[in-house]
Amino acid sequence: MQKNTNILVCGIGGQGVMTATEILAEAALALGFDAKKTEVAGMSQRGGVVVSHLRFGERVLSPQIAQGEADLLVGFEAAETLRWAHMLRPGAPVLTNTSRLSPPVVECGVFDYPDDPVGQLRALGVPLQAFDAAEIALEFGDIRLGNTVMLGAMSDHLPFPAEVLRDAVDARFAQRKPEKRDVNRRAFDAGRERAAALVG
Amino acid sequence: MGNALTAAAANRLFLSGNDAVAHAARDAGVRVAAAYPGTPSTEILEVLARFPGLYAEWSPNEKVALEVALGASMMGARAFSAMKHVGLNVASDALMTMTVTGVEGGLVIAVADDVGMSSSQNEQDSRFWGRFAHVPVLEPADSQEAYDMTRAAFRLSEQFRVPVILRLTTRICHVKGRVELSPAETHEPTGFIKDPRRWVMVPGNAKPRLPLMFEREAALRTEASASPLNRIESGPDRRIGFVTSGPAYMHVREAFPDAPVLKLGMSYPLPLDLVRELAAGVETLLVVEETEPLVEAELKAAGIACVGKDVLPRLGELAPEVLRRGVARLRGEAPPEVDALPAQQVFPRPPTMCVACPHLGIYYTLSQLKNIIISGDIGCYTLGAGHPWNALDTCISMGASMGMALGMDKARGEVDKNKKIVAVIGDSTFMHMGMQGLLDITYNGGNVTVLLLDNRAVGMTGGQDNPATGRDIHGAEAPRVDFPRMCEALGVKKERIRVVDPYQLPVLFKTLREETKIDEPSVIITDRPCVLIDDYKKTPPYAVIDDACTGCGNCLEVGCPAIHVTRRDKAIKPSGKEVDLAFVRIETSACTGCGLCVQPCAPKAIVHAAPVVPVRFMSRN
């Protein structure tokens, strides 16, 4: 049996982590893969940590990705990406948004936010692509396009053509918000281009 | 659209376990479904309520929900109830006698164990109820099985006239997988048949039914051996044979693909002959179950040698790597090495209250009061135990805040003589199990002040409706409980019932001071809606005038996640004391203008903001 592909997407409640992973799953399902997706969400609605596990392949049994077994880590927030770096298979790539969102326990001085989480990731020696997804989303006038930008950015790291993921994003908006379809396509492409420019 | 996705979506569903159970209940022809929201089970009824042609309700608590389902079953209709693990504790009084009467229409109880405790006050194993109540327990291993076993559970329920427990766990409820549906059935209610010897459980009627219950259990034991839900999967590596159920099955198959496995879909009653058959062909039998060693204990009691919790953890979720470590231990080998980066130290990100949450003002006020014991309850407001408020002293079970407060009051000795005792409870928890606690306080004259936080939603589970919201499960208008009148009817003096706006800190503070001073039961009701529901209306946001901020940090004590520290410093006061300064800004794109932080700001540095473009990637709200 072919090895399954394991993708871990992390961030915090409200960033669209679960939706992005869902779209990624839809792309894998469209290709006929078996897939399982799960969250260790807990009370994520209240600003907590969200981490979505997606596994796809010929047949998926256990839904969770174990430490050292993620083939790709996608982080929507810089410190969260660092938090989950130990999940990576040695040599597997990381894609992270550089935005920093600090919780009240940091604001009230109980804990510190790392000075340079992206630098720490780089120091770990992982193949890293880091960029400001907010900046790109705002170029299209809507901060909520951030997760489509992230999907575009991860689309060349998948074991299937980027266009399949692009179609999955497109299908979702065609069905739910047709008026947002075009801008999401463009946001996806912009994310993809940005990530490609960072390679090497 | 014309791409491959549309066609694929049409013939294949990608469902969570909760979704799958809901689809199965619909397809099984369920007529009545009732639940109280609780993580990780909540979505089951939310999904069921969207299907036409069946009755679905949010009940005030799980016991009522199960009784509603039983009533429907008595009418000969298929009935369903869903709850989280602690919910079945509440419903157990009904369960323990419903098992004596048995059911008429198929009745399935989906109970979701929060294994790993992502959102619960304890971790408990609902499979115990199967043993305790002599009813079968089915344990799906993924979404497809959640669908198929729910369908099977209804057939089993009617075949044996027994309520059936469908035991789910977080890792069933909140995992999405592919599901293929089976053809739907329809079931017309067969009608209520008056039969006091069956339905009126007075001792004279119940006694003759007990032997029938045990006969039924024996028949179910035979069924467990014959049922396709239980199967032995052969494998060439005969060193260890696994006995497993629920999501643990997937972990076993993943970690040990060549091992023989007894897969228990119906894990109670146990098919002992299948276990013996597996045991005969392997060197060691290893029982893999989340969480308690129930199967293991029963096998040992039956004289079947096996290993289980001596090498596997009794707490939390299992996973393939956990099993690999356990098996290495069993074989006396070194634990398998994991080739991975070490975990990085990153600050915790505990759940917090929302921007503008009406509870913020309450906990700010409570945190400023001295000599107070705050008996807490279960809901978003339990977060008041955390930073920066540290203003909640207990949390045990639904509705417990008031009974405990009364007990504290009655037990207080010299050391606590001057303490004020306050109970904090939300609207839905009050409806669930709180009313009786307040009744006890009034009936027995407790010196307790109750803070009833009416935010018109079951906030923690996502803002579901309840009898205090004025809407039913479909969002349609429903009678809304009148809390002041209800409290009065429960015996609180009219003048001791105060309704206040939780965004008005001075009023809140004054009211709390007054009511805690008076030596009799009092209730302070707050009346602002949860910010996550439609009733909440945003108002213009605020911003900080940088030059005016003195860094006092008072606003940070409100605990709103929209307030951020821009710079820290230290200052020496005229008294010579060194103080920490924290200069702040407000994330104006997230602020909804509740005005709580404006009130403790002495230099009046917080003012209405000019319209701004959000600058951060996907900040909340």
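I count a salt bridge when a side-chain nitrogen of Lys or Arg lies within 4 Å of a carboxyl oxygen of Asp or Glu. The model is predicted, so I keep to its thresholds: local features need pLDDT of at least 70, side-chain atom pairs count only at pLDDT 80 or more, and totals for chains, interfaces and linings use all residues. Residues are numbered from 1 along each chain as its sequence is written, chains are lettered from A in the order in which they are written, and side-chain values use heavy atoms, with hydrogens and water left out.

**Entry 1: Lys570(B)**

I looked up Lys570(B) and found a salt bridge to Asp580(B), with 2.5 Å between the closest N and O atoms. The pair links distant parts of the chain, 10 residues apart: Lys570(B) is in strand β20 (residues 563–572) and Asp580(B) in strand β21 (residues 578–586), both of chain B. Strands here are DSSP runs of E with at least two residues, helices are runs of H or I with at least four, and numbering starts at the N terminus. For accessibility I use relative accessible area with a 1.4 Å probe on protein chains only: buried is under 20%, exposed over 50%, partly exposed in between. Lys570(B) is partly exposed at 48%, and Asp580(B) is exposed at 55%.

**Entry 2: Glu515(B)**

Which residue forms a salt bridge with Glu515(B)? I find Arg498(B), the closest N and O atoms being 2.7 Å apart. Glu515(B) sits in helix α20 (residues 505–517) and Arg498(B) in strand β17 (residues 497–500), so this pair ties together parts of chain B that are 17 residues apart in sequence. Glu515(B) is buried, at 0% relative accessibility, while Arg498(B) is partly exposed at 23%. I then traced the salt-bridge network that holds both residues; its members are Lys493(B), Arg496(B), Arg498(B), Lys510(B), Glu514(B), Glu515(B) and Glu520(B).

**Entry 3: between the chains**

I checked Arg55(A), which pairs with Glu254(B) at 3.0 Å between the closest N and O atoms. Arg55(A) is buried at 5% relative accessible area; Glu254(B) is partly exposed at 21%.

**Entry 4: helix α12(B)**

Why is α12(B) largely enclosed by the rest of the structure? I note that 7 of its 8 residues are buried, so the helix is largely enclosed. Those buried residues are Ala248(B), Tyr249(B), Met250(B), His251(B), Val252(B), Arg253(B) and Ala255(B). They pack against β2 (34–39) of chain A, and in chain B against β9 (230–233), β10 (240–245), β11 (261–264), β13 (284–288) and α15 (320–330). A contact here means heavy atoms within 4.5 Å.

**Entry 5: chain B overall**

I list 20 helices and 22 strands in chain B. Its radius of gyration is 28 Å, close to the 25 Å that the globule rule gives for 621 residues, so chain B is as compact as a globular protein of that length. The radius is taken over C-alpha atoms, and the rule is 2.2 Å times the number of residues to the power 0.38. Along the principal axes, the C-alpha atoms fill a box of roughly 85 × 65 × 65 Å. Of the 621 residues, 59% count as buried. Among contacts in chain B with a separation of 6 or more, 74% are between residues 24 or more positions apart.
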